[in-house]
Amino acid sequence: MSLQIINPYTQKKIASIPYDSKKELQQKIANAADAFQDWQKTPIRRRIAVVKKGLSYFRKNAEAIAREITLQMGKPIGQARGEVNAFFDRAEYMLAIGEETLKPDLLPKKENFHRRIEHVPLGVILNIAAWNYPLLVPVNVIVPALISGNTVLLKHSPKTPLCGIRFEEAFEKNGPAHLVTNLVLTHTETSRLIGDPRIAHVAFTGSVATGRHVYRRAAQHLLDVGLELGGKDAAYVAADADLDFAVESIVDGACYNAGQSCCAVERVYVHEKHYMPFLNRAKKLLEQYKMGDPISEETTLGPLVGHNDLTKLEGHVTDAIRRGAKLLLGGKRWEGVGVNKTGGNFFLPTLLSNVPNDAIVMQEESFGPIVSVQSVASDDAALAAISDSRYGLTAAIFTKSQSRAEHFAQALPVGTVFQNRCDYLDPALPWTGVSESGMGSTLSRYGFYHLTRRKAIHFRTKT
């Protein structure tokens with residue numbers, strides 16, 4: 001059996017990759033477990049040097065990798081290059097803080113005793129990565145895992161498996177063998193792998209439903225997990241916001257990567273003072289997006305990764321209209337010209353107004369270029385509406401008042417609160433979710449702590 005990779009623009013096959021056989025998989029697990037035994041003993045400065053060499057592979061092949069991303073999942077080539085650049089930013093930050101973060105914690109001196117806390121690696125990490133940011137999602141785990149002394153089995157999305165091959169090649173050619181091993185598995189085989197006793201930790205990025213399955217499987221074996229799941233992230237335009245700046249940021253935050261981001265802006269609450277001007281400005285910006293071949297430098301909105309996603313988004317729009325929302329722009333798949341007539345997965349940039357909070361488009365993850373807007377009369381009304389969600393990844397508050405932003409930051413049940421920005425990960429800050437947006441942390445020093453365990457050293461030096 002082979003995995004078929006389909007271009008979401010042309011709907012044509014771009015590659016075919018054989019699945020790992022049972023024998024091959026068992027050998028890969030064994031190799032990763034064996035490699036861990038030596039790698040965990042390797043001095044951290046040597047580990048850091050090896051990871052830096054691995055990054056040199058990505059620098060050398062940056063343009064080819066960006067092009068592969070675009071062909072596999074439809075991200076416009078300019079945005080694919082942006083992902084490559086962000087990949088280096090994240091990796092380099094984690095490299096910069098790794099040695100200091102993983103130093104043993106020394107406790108205050110106590111006569112006749114030596115006490116410290118060590119951060120020791122877990123073992124073989126199973127990283128199940130998503131397709132929407134096929135470099136950024138795995139790098140959040142792979143770099144801190146390797147620096148910490150772990151080895152990694154990377155099971156990439158079936159939509160973007162070429163990126164998994166790239167990660168293996170990067171570290172296989174620039175360090176000890178089997179530090180990062182690419183797996184090509186079915187969902188059933190991946191689920192079964194979670195139960196292998198040689199797996200020490202599972203890091204998963206994807207849907208809530210699959211995240212629950214991963215968590216249940218891991219719990220059977222008392223495995224720790226990191227889950228980055230869905231988002232239904234909100235933005236609030238307060239009465240004192242810089243409206244032009246807010247509109248531009250929010251529209252970009254909703255439509256970047258065709259809206260296929262866990263932290264994309266999917267709900268917008270606008271103070272009634274700005275409501276109509278916001279809609280007018282947003283409509284003009286949305287009308288400027290150019291759809292077409294994502295390899296073209298002129299394309300600013302690429303296709304969705306899956307054809308079935310078009311039907312889902314149309315259903316979200318239909319439900320919103322049925323509940324009283326008004327469709328101001330888009331709301332359907334793009335008929336287009338040329339290749340799109342044969343099935344390119346394009347959804348028109350969409351603007352909905354007067355959207356009630358119980359609409360599907362305000363409650364369930366859309367993952368598409370839809371800006372759903374609701375007018376609110378006060379900060380309290382905005383706070384209540386934003387909090388009315390089973391997700392808790394990020395929220396963005398557009399205001400000139402830091403005290404207002406701090407008020408929202410303290411009250412909102414989310415992992416990240418932005419002021420005057422959205423849809424961005426700072427590698428110095430932990431990326432974490434609340435409720436059905438997930439558990440655990442990547443990035444920052446906490447990304448290292450999640451991939452290590454604490455070992456207490458308690459020595460009596462005199463008897």
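Predicted model: local features only at pLDDT ≥ 70, side-chain atom pairs only at ≥ 80, totals over all residues.
**Exercise 1.** Describe the largest pocket by its volume, the residues closest to its centre, the elements that supply its lining, and the classes of its lining residues.

*Solution.* 
Step 1. Begin with the volume: the largest pocket holds about 890 Å³ of space.
Step 2. Turn to the centre: 38 residues line this pocket, and those closest to its centre are Trp131, Phe204, Gly206, Ser207 and Thr210.
Step 3. Assign the lining to elements: at least two residues each come from α7 (187-193), β8 (199-205), α8 (208-219) and α11 (308-322), and the largest share, five residues, belongs to α8.
Step 4. Sort the lining of the largest pocket by class, which gives 16 polar, 15 nonpolar and seven charged residues.

**Exercise 2.** Carry out the corresponding description for the second largest pocket, and identify the element that gives the largest share of its lining.

*Solution.* 
Step 1. The volume of the second largest pocket comes to about 590 Å³.
Step 2. Its lining consists of 27 residues, of which Arg90, Leu136, Asp423, Tyr424 and Leu425 are the closest to the centre.
Step 3. Three helices, α4 (77-101), α5 (136-148) and α9 (243-255), each supply at least two residues of this lining, and α4 provides the largest share with six residues.
Step 4. By class, the lining of the second largest pocket divides into 12 nonpolar, eight charged and seven polar residues.

Methods
Residues numbered from 1 in each chain as written. Heavy atoms only, no water. 1 Å grid on protein atoms, 1.4 Å probe; cavity = no way out; pocket = protein on both sides within 12 Å on 5 of 7 lines; lining within 4 Å. Points joined across faces, edges and corners; volume = space filled by probe spheres on them. Helix = DSSP H or I, 4+ residues; strand = E, 2+ residues; numbered from the N terminus. Nonpolar A, V, L, I, M, F, W, Y, C, P; charged D, E, K, R; others polar.
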